[in-house]
Amino acid sequence: MSKRSKHQRTPTFEESAEGYLSNTQLRRNIGHATHTIRDKRAGVVAEMPDWEKLREAGAKLKQRTMRHLDKYLVQLEESVQQAGGQVHWARDADEANRIILDLVKAKQVEEVVKVKSITTDEIGLNKALAGEGIQALETDLAELIVQLAEDEPSHILVPAIHKNRAEIRELFREKLGNRELSDKPEELAEAARIYLRRKFLSAEVGISGGNFAVAETGTVSVVESEGNGRMCTTLPNTLISVLGIEKIIPTWRDFEVFMQLLPRSATAERMNPYNSFWTGVEDGDGPQEFHLVLLDNGRTKVLADEMGRQTLHCIRCSACLNVCPVYERTGGHAYHSVYPGPIGAILTPQLKGLDDPSAASLPYASSLCGACYEVCPVKINIPEVLVHLRGEIVKKKEKEGSLREKMDPEHVAMKWMGRTFRKRSRYERAQKVARSGQKLFTHDGTISKLPGELSKWTAMRDLKPIPKQTFREWWKTRS
Amino acid sequence: MVRLLERLGHTVDFPMEQTCCGQMHYNTGYQEETIPLVRRFVDVFDHAEAIVAPSASCVGMVKEFYPKVADLTGEDKLIQKVDEIIPRVYELSQFLVDKLGVEDVGAYYPHRVTYHPTCHSLRMLKVGDAPLKLLRNVKGIDLVELPAAEECCGFGGTFAIKNADTSMAMLGDKIRHIKDTEAEVCAAGDNSCLMHIGGALKRQRGGVETVHLAEILASTEDENGEMDHE
């Protein structure tokens with residue numbers, strides 16, 4: 001599925017989109033899945049008379065957390081240590097991987113079990129472990145599917161959303177050696193269960209992500225649907241949890257807000273089937289060694305940008321993916337990031353920086369329809385941040401762009417139109433010039449073919465020519 | 001819109017000095033370029049009692065983003081002027097229903113019509129069902145519900161060109177839903193979205209016209225309710 005190998009650099013969104021758009025099976029799978037979750041979410045959200053107040057509370061809590069992140073992080077470190085856990089600070093992906101590798105190598109194991117964690121995907125942990133001969137086994141069902149298929153996740157919460165049951169049956173038949181398997185969900189789940197249970201019982205080290213870390217108590221929490229995460233975080237003797245520094249919440253009580261917002265927004269459930277909380281280590285119960293790795297990897301840079309900061313409020317519910325008309329049609333792989341969809345379109349370029357052409361193409365992967373903002377449980381104004389990032393890209397181009405970049409048709413057109421709109425006379429003259437110029441392209445009162453960049457418009461759409469009498473000209477005849 | 005507002009007894013002025021609200025520049029990232037356009041807007045419309053536009057996205061630009069553009073300049077005077085003018089800026093259906101309290105504008109339009117609520121009217125301005133209230137009161141109209149109405153048509157300004165393939169995939173679905181209604185006319189409150197939808201309908205010989213909400217509301221029995229094709 002990934003087109004990465006064909007290009008030297010990571011392709012931009014528009015370069016990849018075309019291939020995914022023409023994959024009708026993929027369109028069907030993702031369209032069906034996103035519409036199902038979307039409709040269910042709308043239903044469970046409508047049950048809540050105080051939903052808007054909850055969203056407001058979630059947004060305010062996150063704002064406060066970000067404002068005092070320094071204080072809360074130190075508090076979290078102290079709480080975790082007091083509860084018998086160890087805290088490690090990682091500036092970037094390399095540092096995080098080195099910390100985790102050292103911890104795992106000290107245990108002399110060849111395999112670790114993992115519960116779905118996008119943060120570890122962000123740092124490329126599995127690859128780093130594999131480099132040292134350690135196999136990381138994904139235990140979240142969907143992550144397992146993606147791993148077995150040697151594919152990449154395409155959704156934050158439903159990583160195998162691009163696959164349907166028949167495709168999964170084929171995969172399991174081949175990889176799990178069960179030839180008789182049907183595509184009944186129960187049978188598929190059972191096949192995975194048998195495979196995973198054996199792994200859980202023998203694993204020495206578990207690696208998890210986390211939805212929340214409570215500064216006040218040092219508690220880390222994972223919410224999930226399958227219970228595989230709970231096994232990952234309770235059965236192995238050593239547990240390593242990797243969290244971005246923005247996942248912190250100040251107090252235990254704040255769960256009241258987030259545990260209402262998250263499940264309804266994410267899986268359209270009133271409550272997640274499995275909500276796990278662990279605080280340091282407990283004698284004779286669960287892991288006897290607990291490590292919390294706190295990851296920056298660009299987050300403090302995001303925090304420094306007043307407008308972009310709200311991106312860090314994200315609780316990874318994926319509601320924005322499920323309502324996004326762009327994501328629905330291209331799927332997650334076109335974003336070339338572990339964070340796809342609308343939230344990815346603002347998070348990825350901020351984490352990776354705008355020098356990365358693939359990341360810098362993402363703020364444009366939106367029609368700014370606003371559906372994401374409407375469903376966001378912590379009120380991240382995604383369209384606003386998209387436009388802000390586009391502004392940053394233009395500023396960068398003006399400051400350090402090459403002559404060629406400044407001669408690109410969009411840049412030239414924007415500059416020229418900017419000048420034209422500043423004066424009535426120029427504006428009216430431009431209308432007249434366009435009206436005579438369009439004669440070249442007008443046939444039977446319609447423009448069906450335009451040159452250059454504009455041909456992308458006329459690929460599917462006709463254009464009405466400017467009429468013989470514009471509104472302005474008509475208005476003049478009245479007065 | 002002029003005919004409609006005058007029929008309702010209002011005096012309409014069109015200040016010739018106006019040009020463009022700057023939305024295209026702002027949304028494409030050329031925020032600096034919008035500063036002179038914001039200045040122009042507040043000067044040109046300074047004395048108007050109400051500023052009405054038949055475009056939700058232009059009104060959205062003024063209401064949502066003009067304060068941000070004014071902030072960019074750091075000029076207190078401009079910030080204040082923008083703050084003062086915003087409450088007087090209305091999208092057409094909001095002006096009629098919310099400000100004037102009119103739902104029946106006395107229009108006559110004997111056609112099968114489906115209404116596409118544009119993204120900015122729906123999610124930015126939150127016009128709600130104001131346009132539908134107006135349409136339901138139009139005599140002779142056969143108003144049919146558009147499936148998946150709230151989904152974007154894929155226009156998105158420069159998005160339609162920059163990400164043309166994705167935009168066209170979105171548009172394709174919108175066109176399919178419109179055709180499913182068997183309407184003669186697809187109406188909306190934004191000419192940009194109508195240009196996008198209409199462009200594809202025309203290309204496909206879809207047999208469906210795109211008509212702005214204002215045109216429908218302006219049609220009366222005297223003018224025999226003929227569709228204005230210009």
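**Entry 1**

I began in chain A, where Arg165(A), Ile168(A), Arg169(A) and Phe172(A) of helix H9(A) are in contact with Pro185(A), Leu188(A) and Ala191(A) of helix H10(A). I call two residues in contact if their C-beta atoms, placed from the backbone, lie within 7 Å. Helices (H or I, at least four residues) and strands (E, at least two) are DSSP runs, numbered from the N terminus. Sorted by class, this contact of H9(A) with H10(A) has five nonpolar, no polar and two charged residues. For the classes, Ala, Val, Leu, Ile, Met, Phe, Trp, Tyr, Cys and Pro count as nonpolar, Asp, Glu, Lys and Arg as charged, and the others, Gly among them, as polar.

I then looked up the geometry. Two packed helices are described by the angle between their axes and the distance between the axes. Here H9 (residues 165–175) and H10 (residues 185–202) of chain A have axes that come within 11 Å and cross at roughly 35°. Axes are lines fitted to C-alpha atoms, for helices over the stretch in contact, and angles run from 0 to 180 degrees between N-to-C directions. The crossing of H9(A) with H10(A) is left-handed, a term used if the near helix is turned anticlockwise from the far one by less than a right angle (right-handed if clockwise).

**Entry 1: what I am looking at**

I noted that this is a predicted model, in which local features need pLDDT of at least 70 and side-chain atom pairs count only at pLDDT 80 or more, while totals for chains, interfaces and linings use all residues. Residues are numbered from 1 along each chain as its sequence is written, and chains are lettered from A and ligands numbered from 1 in the order in which they are written.

I checked the pLDDT, the predictor's confidence in each residue from 0 to 100. Chain A has a mean pLDDT of 94, with 98% of its residues at 70 or more. Residues 1–6 of chain A have pLDDT below 50, and this stretch has eight contacts in the model beyond near neighbours in sequence. Where pLDDT is low, the predicted coordinates should not be read in detail.

**Entry 2: the sheet of chain A**

Which strands make up the sheet, and in what order? I found six strands in an open sheet, in the order E1-E10-E7-E4-E2-E3 of chain A, with parallel pairing. Two strands pair if DSSP finds at least two bridges between them. Strands E1 (86–90) and E3 (135–138) of chain A are at the edges with a single partner strand each, so one side of each has no neighbour in the sheet. On average, neighbouring strands here are turned by 25° against each other, direction ignored.

I followed strand E2 (residues 111–114) of chain A, which pairs with E3(A) in the parallel sense over four bridges. Val112(A) is opposite Ala136(A), and Val113(A) is opposite Leu137(A). E2(A) also runs parallel to strand E4 (residues 205–208) of chain A, joined by two bridges. There, Lys114(A) has Ile207(A) as its bridge partner.

**Entry 3: the sheet of chain B**

In chain B I found an open sheet of four strands, ordered E4-E3-E5-E6, and again the pairing is parallel. Its edge strands are E4 (142–144) and E6 (209–212) of chain B, each pairing on one side only. Neighbouring strands of this sheet are turned by 35° against each other on average, direction ignored. Helix H11 (residues 191–203) of chain B packs on the sheet and touches E5 and E6 of chain B, its direction making about 170° with that of E6(B).

**Entry 4: domains and the chain contact**

Domain bounds come from an automatic or database domain assignment. Chain B has domain 1 (2–98) and domain 2 (112–218), with 23 Å between their C-alpha centres.
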